[in-house]
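Here is a short tour of some packing and side-chain features, written for a reader who likes to check geometry directly. Please have the coordinates open as you go.

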Amino acid sequence: MNIQQLPTPCFVLDEARLRQNLELINQVQQQSGAQIILALKGFSMYSVFPLVRQYLSGATASSLNEARLINEYMGELSHTYTPAYLDHEFEEMLRLSSHLTFNSMSQWERFRERVKAYNQQQVAAGKAPVSCGIRVNPQYSEVATDLYNPCVPGSRLGVTRDQLGDNLPEGIEGIHFHTLCENDSYTLERTLEALESRFGDLLHRVKWVNMGGGHLMTREGYNTDHLIGLLKTFREKYQVKVTLEPGSAIAWQTGILVASVLDLLDSQGIQVAILDTSFSNHMPDTLEMPYKPRIRNAYHEPVAEKPTYRLGGMTCLAGDFMGDYSFDQSLEIGDKLVFEDMMHYTMVKTTTFNGVNLPSIGIWNEDGSFRLVKEYGYDSFKDRLS
Ligand SMILES: Cc1ncc(COP(=O)(O)O)c(C=O)c1O
């Protein structure tokens with residue numbers, strides 16, 4: 001099957017590319033001695049969890065639903081963190097997690113007795129207790145977009161050193177921070193300096209440090225040797241277990257969103273193509289971030305003398321468009337457009353606004369064949385409403 005024959009709109013994961021990323025990440029894992037797990041918020045395509053599981057030992061959840069998915073489809077307890085736990089979900093969170101990170105001192109105080117009681121039962125039954133940690137805010141981030149910067153003044157994510165006092169509360173065994181977003185190892189190096197300058201004394205007293213996500217080690221040009229060196233030095237200096245939980249790095253450049261041209265029109269001299277996808281529903285980051293996605297065989301910026309189109313989605317939101325791209329040949333109704341690198345975050349953020357169906361999900365298998373794993377229809381739209 002080739003792209004022309006695919007049902008659209010459709011996310012298509014390239015299994016061979018995913019394996020390549022996992023192999024590289026596993027090398028970092030083995031050479032550094034750090035554990036690297038998948039952040040589900042970035043990539044939750046559970047039909048390929050068996051492949052992920054061949055290389056990574058687990059995953060991190062930011063909700064009960066993600067923790068369930070990890071337990072059910074990876075067969076592992078999750079590393080769990082949410083900005084605030086829900087009272088009625090907490091017992092199940094404990095049951096589904098190996099590690100639980102608290103976002104604030106008040107959250108820890110609210111739940112610590114329940115953790116203690118659960119852990120006593122676990123130990124009495126000869127089972128492993130849940131290891132608890134606290135998320136800290138090192139007050140250093142190089143993320144330029146505030147939407148993704150957890151260190152902006154007033155950030156709700158993590159405790160600052162002044163909120164912690166001289167020691168960690170009894171029962172806290174780990175420190176978690178997450179301040180990177182699509183960054184390299186040199187940003188991590190500077191972040192570790194900030195972390196050590198504020199929390200260095202406490203790092204000697206914990207069993208584990210979770211360095212969050214944002215380590216884009218599968219991007220071309222990323223210096224994995226430098227990362228490995230940093231992780232080894234940190235582990236040895238503090239005698240801690242180090243965990244990284246990237247999402248984007250795992251699914252980076254592993255798949256596409258394929259759409260078809262539904263209509264072509266002239267709007268006051270601007271050529272517009274309406275697609276059977278939606279920037280708002282199917283690629284919300286393109287409008288939120290915002291960024292202009294790459295399209296295979298298209299010029300990313302308009303080129304004079306070449307057929308140029310403003311691409312529009314199929315919702316009636318006026319702003320549901322992306323423009324402008326040029327092509328070597330004029331578009332025709334029925335043509336397929338391939339949006340690149342749509343596996344991380346895009347797939348997990350889709351909505352059915354306007355009643356537009358979610359894109360199907362398929363896989364290019366490693367033997368070159370195509371497998372359609374999911375199609376959506378009226379029920380998916382209706383289930384979200386009542
Ligand atoms: C706490 C935490 N861990 C991990 C991640 C994954 O980050 P990324 O997909 O950029 O690697 C995120 C992303 O927001 C996060 O908030």
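Predicted model: local features only at pLDDT ≥ 70, side-chain atom pairs only at ≥ 80, totals over all residues.

**Helix α6**

- The buried set in α6 consists of Ser185, Thr187, Leu188, Thr191, Leu192, Ala194, Leu195, Phe199, Gly200, Leu202 and Leu203.
- Where is the kink in α6 centred? It is centred on Ser197, and the angle is about 65°.
- The span of α6 (residues 185-203) is worth a look too: its end C-alpha atoms are only 20 Å apart, while a straight helix of 19 residues would span 27 Å at 1.5 Å a residue.

**Aromatic pairs**

- How many aromatic pairs does the structure hold? There are 11.
- One of them joins Tyr46 and Tyr73, a tilted pair with 4.5 Å from centre to centre and 45° between the planes.
- Tyr46 lies in the loop between β3 (38-39) and α2 (49-55), and Tyr73 lies in helix α3 (residues 64-74), so this pair ties together parts that are 27 residues apart in sequence.
- Tyr46 is partly exposed, its relative accessible area being 32%, and Tyr73 is also partly exposed, at 40%.
- Phe90 and Phe102 make a tilted pair as well, with 6.2 Å between centres and 45° between planes.
- This second pair links distant parts of the chain, since Phe90 belongs to helix α4 (residues 90-96) and Phe102 to strand β6 (residues 97-102), 12 residues apart.
- Are Phe90 and Phe102 buried or exposed? Both Phe90 and Phe102 are buried.
- Phe90 and Phe102 also belong to one aromatic cluster, together with Tyr85, Trp108 and Phe111.

**Charges over rings**

- Phe111, a member of that cluster, has the charged end of Arg110 over its ring, 5.9 Å from the ring centre.
- Elsewhere, the ring of Tyr325 has the charged end of Lys292 sitting over it, at 4.6 Å from the centre.

**Ser141 and its polar contacts**

- Ser141 is found in the loop between β7 (131-135) and β8.
- A polar atom of the Ser141 side chain lies 3.2 Å from the backbone nitrogen of Val143.
- On the Thr179 side, a polar atom of the Ser141 side chain lies 3.0 Å from the backbone oxygen of Thr179.
- Which residues does Ser141 contact, leaving aside its neighbours within four places in sequence? They are Asn149, Pro150, Cys151 and Thr179.

**Asp263 in its strand**

- Asp263 is part of strand β11 (residues 255-267).
- Its relative accessible area is 33%, so Asp263 counts as partly exposed.
- Beyond its neighbours within four places in sequence, Asp263 is in contact with Val272, Ala273, Ile274 and Ile333.
- For a through-space check, take Asp263 and Met314: they are 51 residues apart in sequence, and their C-alpha atoms are 10.0 Å apart in space.

Key: Residues numbered from 1 in each chain as written. Heavy atoms only, no water. Phe/Tyr/Trp six-rings, centres within 6.5 Å; stacked < 30°, edge-to-face > 60°. Helix = DSSP H or I, 4+ residues; strand = E, 2+ residues; numbered from the N terminus. Buried < 20%, exposed > 50% of the residue type's maximum accessible area, 1.4 Å probe, protein only. Lys NZ or Arg CZ within 6 Å of the ring centre and 35° of its normal. Expected span 1.5 Å × (residues − 1). Bend = angle between axes of the 7 residues up to and from the residue. Polar contact = N/O pair within 3.5 Å; in protein donor to acceptor, adjacent residues only side chain to side chain. Contact = heavy atoms within 4.5 Å.
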